[in-house]
2 protein chains.
Amino acid sequence: MSKVHNFSAGPCILPQEVLKQASEAVINFNNSNLSLIEMSHRSKDFVDVMEKARNLVRELLNVPDTYEILFLQGGASLGFLTAAYNFMKDGGSAAYVNTGAWANKALQEAAKMGKVHEIASSKDKNYNYFPTNFQIPSEASYLHITTNNTIFGTQMKKTPISRIPIIADMSSDIFSKKINVSDYDLIYAGAQKNMGPAGTTLYIVKQSALGKSGRQIPTMLNLETHIKKDSMFNTPPVFPIYVSMLTLQWLKDNGGIEWIEEINNKKAALLYNEIDNNPLFEGTAKEADRSNMNATFVLTNDGLKDEFDAMWQTANISGIKGHRDVGGYRASMYNAMPIESVQVLVDVMKEFTQKFA
Amino acid sequence: MSKVHNFSAGPCILPQEVLKQASEAVINFNNSNLSLIEMSHRSKDFVDVMEKARNLVRELLNVPDTYEILFLQGGASLGFLTAAYNFMKDGGSAAYVNTGAWANKALQEAAKMGKVHEIASSKDKNYNYFPTNFQIPSEASYLHITTNNTIFGTQMKKTPISRIPIIADMSSDIFSKKINVSDYDLIYAGAQKNMGPAGTTLYIVKQSALGKSGRQIPTMLNLETHIKKDSMFNTPPVFPIYVSMLTLQWLKDNGGIEWIEEINNKKAALLYNEIDNNPLFEGTAKEADRSNMNATFVLTNDGLKDEFDAMWQTANISGIKGHRDVGGYRASMYNAMPIESVQVLVDVMKEFTQKFA
């Protein structure tokens, strides 16, 4: 069978060599003659995996020693709740920037726990831009942002200047570009974009910021619980963590964040250039706020939909159907997507226009 | 390399054919030329997996139509909280039977939410028995039990007769024997014993019992959230659910619960018979309450520890070191463990006694 060009929005493409190693580990891990998934998480073999994964995060993102790194469960959706429990002062408030469906869910969850200031929202234009002009209330416990919005194809280009702590859901762009961890008190991210398979969630947290919300936090939602136990308070999701470790190792071996950021910039430039110059396509997100991870675009002539769909399917392109909230197409170009696959899509777009324009 | 006899307490042994299929799916799932872990959870391929997994649970455990089946995250530890949120009436109370470390954690979590009646505890004898003589307070919202206690090697032999709803953490013995689902309003179980790899948690819940706690339940902890979205409110842990589905299919193909219960009874009888008849060994749990899943035992002469350890290691036995709270040994004999491996352990025990008694 020929190669699939996998533009899925998540779970999404992972490096081929990672998949190969992961597949082998399911049969025989570390020459133990046991499967990775049938051994104790307390075994030296797996404790090493967890430690390697943590160390790779620290090295790749240059995480200061004052921050702890955790691999938990529940996705960003449980992160919404965890963030509010650990950081929103009892009787206090928090500020949220509403940049899309997930940002809004984060906000709604916090609103169940206290007062929420929606200090900016791009809902008025179907979330097609990333608001930058807002006042941050000084009495809020934190400012919450969603750095990349997969559905709407927008991405934060500059961290806001804030006198209150910043919490960021980076599920869909972590490890895709350089970040300054010290700008944040908490970063959290579901694994299933640039880090690994669905089933684990990364937390990077400034330890000194914890224990101050004045709330009684349920055990599993208390980040201090997991810090004390090195992410092994209960049985961790062994396979998702292992594959995340492999993916981070792949990233490091190839040149780390600097290397991937350059490639991601090139891939995005290649596709957006075609979208902008091809008369049959139109981007949906505001140019300045376009996501390097998820490019959203529509046909200028909807009557040609069947023709375009047939062409990309013939080219073995997969997963570019747009989300129902935007329509059209969404090409997700996460870390493991080679520029060659983006080129295939661009070629199809060109050929389509030659035929039908 | 020769076969490992894997007595790990969890994550634990899984069927070889399941591991083989899982390994293949990580490279190429359903002949899609995509890995299972890099495709959308909304793809038909994965939606089918989820549906098959649910149907297998329903069929194997004879789950009535009035019950919903969910595959979530967080392990039983998050289940402790989820159970209390969904079932303990606001301002009300709940009754807990304290049969070990995990039962006690469940109780402690509920105690943060309301009044808890610890109606029975075997802590006085280091949890070596399963209390059966207790009064269930009629004002409590539910009775919580932990059906099998991995650390202490005890198992509930008969569901209590109760006029209030029963909630059971069945993490370590679900699918090992026949149960009557209608006896419970909620059953929950981490996957990593008889169901699959760590990373997903099964919930079987009587739908009509939900929505009555009078609490504002956080979105991710509200079982109704997940019922409405068929366990796909957010991205599910794709790989753990897939492997659970394969393991349940393996169980069905081989004869289902009746088949495995008979084998589990035979394995347990074989090992306990040796423990009882061999002068160098002694069981730690009360005979009537012994677990078919986890047999805990100690040497009658601790001075021979090194000799015994050397012998089972030579026989390629793995994972029988006891938990620190009990000491000695723990042989876990979950569904996928063949009786041949139990026989190998019994043979080592016999040989050990011939040499050293």
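I began with the largest nonpolar core of this predicted model. That core holds 212 residues. I looked up which members touch the most others and found A:A84, A:A110 and A:Y242, along with B:A84, B:A110 and B:Y242. As background, I noted that nonpolar side chains tend to be buried together in soluble globular proteins.

Next I took A:A84 on its own. I set aside its neighbours within four places in sequence. What remained in contact with A:A84 was A:A94, A:E109, A:A110 and A:M113.

Then I turned to the domains of chain A. Domain 1 covers 16–254, and domain 2 covers 256–356. I noted 27 Å between their C-alpha centres. Domain 1 of chain A puts 25 residues into the contact, and domain 2 of chain A puts in 23.

Which elements give two or more residues to the domain 1 side? I found strand 6 (148–149), strand 7 (154–155) and helix 6 (238–254) of chain A. Helix 6 gives the most, with 3 residues. By type, I recorded the residues of this side as 8 nonpolar, 11 polar and 6 charged.

Last, I compared the two chains. Chain A superposes on chain B by a rotation of 180° with 0.0 Å of shift along the axis, at an RMSD of 0.0 Å. The two copies are therefore related as by a two-fold rotation axis. In chain A, A:S23 has the C-alpha nearest that axis, 2.3 Å from it. I also noted that both copies use the same surface, since 100% of the contact residues of chain A recur in chain B.

Methods
Residues numbered from 1 in each chain as written. Chains lettered and ligands numbered in written order. Predicted model: local features only at pLDDT ≥ 70, side-chain atom pairs only at ≥ 80, totals over all residues. Core = buried A, V, L, I, M, F, W, Y, C linked by C-beta atoms within 7 Å. Buried ≥ 20, exposed ≤ 12 C-beta atoms within 10 Å, placed from the backbone. Contact = placed C-beta atoms within 7 Å. Domains from an automatic or database assignment. Helix = DSSP H or I, 4+ residues; strand = E, 2+ residues; numbered from the N terminus. Nonpolar A, V, L, I, M, F, W, Y, C, P; charged D, E, K, R; others polar. Least-squares fit on C-alpha atoms with pLDDT ≥ 70 in both.
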